Amino acid sequence: MADVTGTSPQTAQQVIDTYFMEHRAKLVDIAAYLDRIDRGQGEFPDDFRDVAFRKAIAILTDGQTHRAKRILELFSDHTTQIPQSAEGMKGAAGAVAFAATSSVEGDAS
Amino acid sequence: MKYIDPHIHMVSRTTDDYQRMAQAGCVAITEPAFWAGYDRSSAQGFFDYFRQLTEYEPKRAAAAGIQHFTWLCINPKEADDPGFAREVISLIPDFLNSKEGLFGGNVLGIGEIGLNKNTKNELIILEEQIELAETHNQMVLVHTPHLEDKLKGTRLIMDALSASSIDPGRILIDHVEEHTVAEVLDRGFWAGMTLYPDTKVTPQRAADIIEMYGNERIWMNSAGDWGCSDPLAVPKARLEMRRRGHSEDVIDKVTYDNPQTFLSQSPNFRLS
């Protein structure tokens with residue numbers, strides 16, 4: 001992957017000054033989301049999206065760059081099969097499973 | 001300041017969106033044919049849609065002082081039935097050379113073609129629409145799939161395009177993200193970033209991508225449509241870049257100069 005060191009027009013300190021509050025809120029949102037799952041009733045689900053999500057969180061703290069790219073790759077379909085038709089297929093789920101059990105619709109454009 | 005939003009679905013937006021965009025500096029938009037949120041029941045439905053894009057919408061835009069251009073195709077989501085898709089494709093040539101509309105012909109090329117669920121049927125129709133562009137010497141605007149299907153779909157699309165004789169410099173591949181942008185640019189295509197809440201790129205990430213991958217052969221657009229989207233996403237991204245200290249030259253390049261350069265390859269694109 002390309003070396004992107006020093007490509008921001010801001011210093012690292014300026015980046016923190018500019019974006020800390022915004023991303024503090026997003027981080028707390030993720031924490032609250034995980035807490036909400038824990039508080040959910042019934043058995044803890046074996047959901048491929050949740051599995052991928054927690055793997056993605058590990059990428060955030062692995063000390064390597066290109067985190068956004070690597071998380072998007074983690075969520076991507078890497079199979080090479082091409083089905084004949086979309087008939088009966090569900091909408092995009094945002095993560096990959098070979099036996100998808102649920103999905104959400106993607107957007108239009 | 002002035003900018004071009006090179007991908008927005010104004011048929012799904014209200015007239016006051018045109019007015020707000022004009023107030024924010026928008027001077028021109030291009031509108032690719034897309035999925036309306038439901039599957040059309042006949043090719044005639046597309047004929048009417050193409051007339052809306054080539055005759056009615058340019059007048060609505062002009063009332064706000066914005067020039068309107070368009071791209072025609074059958075979108076990938078409705079292209080999974082090859083027979084139906086071919087009926088729609090057969091309608092397109094007459095529109096390519098039409099001089100209807102306020103400025104004469106406003107069709108810039110074939111788009112937004114691509115893949116949705118990465119199926120063989122979609123791929124067949126993609127190849128036939130690439131051939132349509134080849135035959136009529138048209139530029140191409142490409143839709144790439146969403147979410148988990150994007151990486152695989154983008155590569156399939158690029159392979160299909162590379163098998164044609166169309167110069168990659170006349171093709172823009174839209175909805176790139178961090179995991180697809182480098183490959184798109186490396187293969188000689190133009191890249192589009194779509195600023196779309198929740199599922200695509202935020203203004204912050206668009207600025208990140210420009211910082212990491214450069215400002216050549218790249219633009220940004222709102223792809224505003226009937227979903228959760230923002231017709232003012234491009235001017236908001238300009239503000240984001242300015243906040244970080246990017247020069248006005250760079251900001252203008254990715255939001256005005258680059259779209260103008262790419263689109264001007266079509267004889268129908270003329271800014272007044």
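The model is predicted. Chain A and chain B touch each other, with 29 residues of chain A and 36 residues of chain B taking part. The largest nonpolar core holds 79 residues.

**Contact between the chains**
- On the side of chain A that touches chain B, helix H3 (residues 67-74) of chain A supplies the largest share, four residues.
- That side of chain A is made up of 15 nonpolar, 10 polar and four charged residues.

**Nonpolar cores**
- In soluble globular proteins, nonpolar side chains tend to be buried together.
- Within the largest core, the residues that touch the most other members are B:Leu72, B:Val140, B:Ile171, B:Ile173, B:Leu195 and B:Ala206.
- Helix H8 of chain B gives the most to this core, namely six residues.
- Leaving aside residues up to four places away in sequence, B:Ile171 touches B:Val140, B:Val142, B:Leu161, B:Ile166, B:Phe189 and B:Trp190.
- Another core, of seven residues, lies apart from the largest one, and its members include A:Ile71, A:Phe75, A:Ala92 and A:Ala95.

**Helices H8 and H9 of chain B**
- Two packed helices are described by the angle between their axes and the distance between the axes.
- For H8(B) and H9(B) the angle is about 60°, and the axes are 9 Å apart.
- H8(B) is therefore oblique to H9(B).
- The crossing of H8(B) past H9(B) is right-handed.
- H8(B) makes the contact through B:Pro203, B:Gln204, B:Ala206 and B:Ala207, while H9(B) uses B:Ala233, B:Lys236, B:Ala237, B:Glu240, B:Met241 and B:Arg244.
- The residues of this contact comprise six nonpolar, one polar and three charged.

**Backbone features in chain B**
- Most residues other than glycine have a negative phi, and most peptide bonds are trans.
- The peptide bond between B:Gly111 and B:Glu112 is cis, with an omega of about -5°.
- B:Glu112 is part of strand S4 (residues 107-114) of chain B.
- B:Arg217 is not a glycine, yet its phi is positive, at about 55°.
- B:Arg217 sits in the loop between helix H8 (203-213) and strand S8 (218-221) of chain B.
- B:Arg217 is partly exposed because 19 other C-beta atoms lie within 10 Å, and a residue needs 20 or more to be buried.
- B:Ala223 is not a glycine either, and has a positive phi of about 45°.
- The loop between S8 and helix H9 (233-244) of chain B holds B:Ala223.
- B:Ala223 has 30 C-beta neighbours inside 10 Å, so B:Ala223 counts as buried.

Key
Residues numbered from 1 in each chain as written. Chains lettered and ligands numbered in written order. Predicted model: local features only at pLDDT ≥ 70, side-chain atom pairs only at ≥ 80, totals over all residues. Contact = placed C-beta atoms within 7 Å. Helix = DSSP H or I, 4+ residues; strand = E, 2+ residues; numbered from the N terminus. Nonpolar A, V, L, I, M, F, W, Y, C, P; charged D, E, K, R; others polar. Buried ≥ 20, exposed ≤ 12 C-beta atoms within 10 Å, placed from the backbone. Core = buried A, V, L, I, M, F, W, Y, C linked by C-beta atoms within 7 Å. Axes fitted to C-alpha atoms, helices over the stretch in contact; angles between N-to-C directions. Parallel < 35°, antiparallel > 145°, perpendicular 65-115°, else oblique. Left-handed = near helix turned anticlockwise from the far one by under 90°.
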